[in-house]
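Notebook open, model loaded. I want to go through a few spots in the fold and jot down what turns up.

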Amino acid sequence: MGVAGSKLEKALGDHFPEGERYFGLENFGNTCYCNSVLQALYFCIPFREQLLEYYPDNKTQNQANENLLTCLAELFSQISLQKKKTGVIAPRRFVQRVRKENESYRSYMHQDAHEFLNFLLNHLVDILEKECETVTSEGVSTEPSNDQVNGGVKKAPSITWVHKTFQGILTNETRCLQCETVTARDETFLDLSLDIEQNSSITSCLKNFSSTETLNAEDKFFCDKCCSLQEAQKRMKIKKPPRILVIHLKRFKFMEQQNRHKKLSYRVVFPLELKISATSNDADSEYSLSSVVVHVGSGANHGHYVSLVKSHNHWLFFDDENVDMVDESAIQTFFGSAHEYTGSNDHGYILFYESLSADE
């Protein structure tokens, strides 16, 4: 990427951010799904800072002790410590570790970037939770928990820095139409998967996500107060939005008659600034778009992934080894097409929004 790197440095000139590095990632045979997600995560600054803080105390020269978290931390550290401002890095060790941990990624077939993001974040959470358990078992926490006092063995899961960065809380509310009793159940999420419609927006998709559904006929709700099955209304609300809100657009629809997934090219506008209404806050939570993972292609089982990231008020386009600066207006070209299955094949697939609230 020598020429491209020089071009990028020249384009930024004196405005090249102090201490920042813009490096493409080598593709190891259809690993664009991985590269695009890694770029989006690298430019999630809270996530990057936690990884770089984690790395010095946990780096290992012993391959037997490495895991996906140490490999990712090592990769981010390598990028951040490069002497050059631009270039290409081969995430070989990280990709090898991914393939070792999950056989699905050992082939050179097309993979889904959203499935990979889910796998990665959940795997990092597992590693961090086990580390917390190890610390506790070594005597750092000596007071018995309520569960232990009550004779139970179940412990509340640790809240890791991955949770603090990406985890939000949903409330599933069900209102019995007979007695009006509302039953609420909280559940956590690391990303929101939204159904999409033609010529819509993220705001309308979120409204549909929280729309009221009537439970009747065979889907009646068992009301504890009525002690019987009753018609009810159900809705999902965002109770506590996360620091980094990850939105997955469900662009791949399973067509039963054809027995395959088909890509929806629907035009879905994703704004640079987004407001989220939450039940735990009186005021809306405000977010700014920080990165977009784009699917290029017409089908679910083939194609390519690239990413757009915002860094220091300018936008960069990452396509494996290549990095270019793009105008902010270029984001609109990834909203989708006015036609269901035709038009442009470059569509926003995973969106990363960073909270603008200082206290998040």
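Sheet first. I looked up the open sheet of four strands and got the order β4-β3-β10-β7, with antiparallel pairing. This is a predicted model, so I keep that in mind for everything below.

Which strands stand at the edges? They are β4 (182-189) and β7 (213-215). Each has a single partner strand, so one side of each is left without a neighbour in the sheet.

β7 pairs with β10 (residues 232-240) in the antiparallel sense, over three bridges.

Then over to β1 (residues 22-25). I wanted to know which way its side chains go: Tyr22 and Gly24 point one way, Phe23 and Leu25 the other way. Buried or exposed? All four of these residues are buried. β1 runs parallel to β2 (residues 86-89), and four bridges join the two. In β2, I found glycine 87 as the bridge partner of phenylalanine 23.

Tyr22 came up again when I turned to histidine 314, which touches that tyrosine. Histidine 314 lies in β18 (residues 314-319). Its relative accessibility is 12%, and the cut-off for buried is under 20%, so I log histidine 314 as buried. Leaving out residues up to four places away in sequence, I listed what histidine 314 touches: Leu12, Pro17, Tyr22, Val309 and Met325.

Helix entry: I picked glutamate 129, found in α6 (residues 113-140). Why does glutamate 129 count as buried? Its relative accessibility is 19%, and buried means under 20%, so glutamate 129 falls on the buried side of the cut-off. I also took a C-alpha to C-alpha distance from glutamate 129 to isoleucine 159: they are 7.9 Å apart in space and 30 residues apart in sequence.

Last page, whole chain. I count nine helices and 20 strands. Of the 360 residues, 45% are buried. The accessible surface comes to about 18,900 Å², and carbon and sulfur atoms account for 45% of that. For contacts between residues at least 6 apart in sequence, I noted that 68% join residues at least 24 apart.

Technical notes:
Residues are numbered from 1 along each chain as its sequence is written. This is a predicted model: local features need pLDDT of at least 70, side-chain atom pairs count only at pLDDT 80 or more; totals for chains, interfaces and linings use all residues. Side-chain values use heavy atoms; hydrogens and water are left out. Buried means under 20% relative accessible area, exposed over 50%, partly exposed in between (1.4 Å probe, protein chains only). Contact means heavy atoms within 4.5 Å. Accessible areas come from the Shrake-Rupley method with a 1.4 Å probe; for residues, only the protein chains shown count as cover. Two strands pair if DSSP finds at least two bridges between them.
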